[in-house]
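This report covers one protein chain.

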Amino acid sequence: MKSSMQGGYMPAGLPQAERVADVRQLSDMQFRSLGLSKVAYTRPATMDDGEEGYAIYAADGSLLAVVDDMETAWGAIVQNDMVPASLQ
């Protein structure tokens, strides 16, 4: 059985915090912020000492850290309960 909520469908019997929103009903701003705190990506960067490293960015483009190598970057992302995204 499903119950309707603001034009989208929510499974009945789930606590409010566990209900899933119908993404077709989200505003542009709400859709862009989905998973924002859970996704990070890396890019090559030059560190303060002039050496090459990797910068870790949040999904919104804000810099989180700069580390020595890609393995350390991905490890830091996963260790902080984030999902590493591969940019093509």
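## A buried threonine

T42 is buried, with a relative accessible area of 13%; buried means under 20%, exposed over 50% and partly exposed in between, with a 1.4 Å probe and protein chains only. T42 belongs to strand β3. Leaving aside residues up to four places away in sequence, T42 touches A55, I56, M70, A73, W74 and I77, where a contact means heavy atoms within 4.5 Å.

## Basis of the model

The model is predicted: local features need pLDDT of at least 70, side-chain atom pairs count only at pLDDT 80 or more, and totals for chains, interfaces and linings use all residues. Residues are numbered from 1 along each chain as its sequence is written, and side-chain values use heavy atoms, without hydrogens and water.

## Chain overview

Two helices and six strands make up the elements of the chain, in the order β-β-α-β-β-β-α-β from the N terminus. Helices (H or I, at least four residues) and strands (E, at least two) are DSSP runs, numbered from the N terminus.

Of the 88 residues, 19% count as buried. Among contacts in the chain with a separation of 6 or more, 20% come from residues 24 or more positions apart.

## Two exposed loop residues

D48 lies in the loop between β3 (39-46) and β4 (52-58) and is exposed, with a relative accessible area of 88%.

D81 sits in the loop between α2 (70-79) and β6 (83-85). D81 is also exposed, at 59% relative accessible area, and its phi is near 55 degrees, a positive value in a residue other than glycine. Most residues other than glycine have a negative phi.
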